[in-house]
Structure formats: C-alpha cells, structure tokens
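Hi,

Here is the structure I promised to pass on. Have a look at it first, and my notes follow below.

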Amino acid sequence: MELGYFETSLNVQDIAATMGFYQKLGFEQLDGGVDIRNVSLQKGGCRLGLFQGYLDPARTQLIFWQGDIDAIAGELKARGVAFFRGPNQDEHGKAFMLLDPDDNPIYVLNLPVFHFNDPAYARPAEATPRTAKGTGTRLGRFILGLAVRDLEASLAFYAKLGFQLYSRQERVATIYNGDCTLSLYQGIIEPDRTQLLFWQGDIAEIAADVRAKGLPFFREPSSDDGEGFLLKDPDGHTLHVINVVRLRPPVT
C-alpha cells in the first residue's frame, strides 16, 4: 500500500522562532511562509512541516501526501482499520485521519492545489515532493521515533497500513513504508515522547557545529561521543543525534 510521500508535521507556538532553530541546523525552506503560519523544511531525508494554529489534534502528526485516497481507504476498510475522521471529499481535495494505538495522528490527504487559502502561495500540487538537501553538517539518516505502550499492537496496526518490518529486538522495532521509516520503542525511549532521530552522523562534528551556533544541548554528548546527544526545539520537540555500533539504522 502506497500512502504517499511522508512529512513529519510539528505543532509550533512561534513559527518564526522554530523555523530559525531548524535553519541553524541546516534545514532549507521548501514551501510556505511565516506569514501564513505554515512552512515546509528539509535536510537530507528529514522533511518537516511547521504549523502554527493549524494541526487538529494539536500535536505531532504523520502526514502522507498525494496518495490515491480512494484506493488506500478501501484497503484500510477491508483490513478493519477504524477511521478517526473521514474519508472526506470537498472542492479542495480528499483526506482521512487515523489514530494509531498510542493516539498518534496519521493524516492522509490529496490536494489538487497547495495553499488554496493563501493566494500568494497557492500552486498546483505535485505528485512528488519538492526536495532540498539542506546545508552545513550532515545530521545522519532520519527516522521518526515513537514511544509505544504495546509493541505488538503497534506493529499489527502499522502492518495494516502496509509497513514492513526491517529489524526487531525485544522492545524496539523498525518499520518502513516508502520514504517513511519509524522506530517503535516500548519503555526505552527517553524522554518518553515522539523524537526526531538522526543516525550515524559524525557526532563530534555535529556537536561542534551546534555549539558554534549557540544552540543549547538538552543532553550533552557522552564522553565517548558514541551515544550522541539530545536537543529540544523551541516547542519542546526532541531531536536525538546518535551514532552507535550495536544498533543499525534501516536500509530501505
């Protein structure tokens, strides 16, 4: 099942401040604008949507763009997946929302025009995403980390959405569908909330760049520089930059 291309969408309080934080990490602006409180950013394989006052529920959402809504919804109904909202259709497009077993919103939508409410930014929607490499120090491979209560229940749910298993340990599993890779952690992710994970970059180089740009560490790099470090953006979203030998990021 092809859900569409993936974007991690963050609820923010001050989009200019949050955008400035990610730009210091080398993210480039792809789309949108501060004036409309909706900005898309990218660095490497990490595509972020920053939304001030838009997301409902107002928390981190997994958003999949421009898939075949009718086909996807039909498959999900056949597999017994319950919809939180929709499927709906109006003059602006088609969409539906799911909640996973830990209440993470999954929003699947297809729009013919992006920013249809903002004439200065309105444009025909592409079937494939705009891309940007980002600037500066490479952060590593991006994976969205989710804290889960019941790993088996979460794996079963995401399997119905077409996710495949890449790796599995006792309380962690990594799964993927298209350009979306998730790591599910039961009781071993700290802080116990959604994290932006960046794997196998040069920890010393990245940490030096972070210090040079005046960004505070939430958790300082470990003494051997093998475990990485944590940052928090202005809205409290956690970024974990990690380089370890015992766990390997998925290859899709």
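Predicted model: local features only at pLDDT ≥ 70, side-chain atom pairs only at ≥ 80, totals over all residues.

**Salt bridges and a sheet**

At 26% relative accessibility, Glu126 counts as partly exposed.

Another one joins the side chains of Glu75 and Arg79, at 3.0 Å from N to O. Glu75 has a relative accessible area of 32%, which makes it partly exposed, and Arg79 is partly exposed at 34%.

Arg219 and Glu190 form a salt bridge too, their closest N and O atoms being 2.3 Å apart. Arg219 sits in the loop between α4 and β16, and Glu190 in the loop between β14 and β15, so this pair ties together parts that are 29 residues apart in sequence.

Now to the strands. An open sheet of 7 strands runs in the order β12-β13-β14-β11-β15-β17-β16, with mixed pairing. Its edge strands are β12 (164-168) and β16 (229-232), each pairing on one side only. From one strand to the next, the twist averages 25 degrees.

Phe229 has Val241 in β17 as its bridge partner. Helix α4 (residues 203-212) lies across β16 and β17, at about 30 degrees to β16.

Best wishes

Notes:
Residues numbered from 1 in each chain as written. Heavy atoms only, no water. Pairing = 2+ DSSP bridges. Helix = DSSP H or I, 4+ residues; strand = E, 2+ residues; numbered from the N terminus. Axes fitted to C-alpha atoms, helices over the stretch in contact; angles between N-to-C directions. Contact = heavy atoms within 4.5 Å. Salt bridge = Lys/Arg side-chain N within 4 Å of Asp/Glu carboxyl O. Buried < 20%, exposed > 50% of the residue type's maximum accessible area, 1.4 Å probe, protein only.
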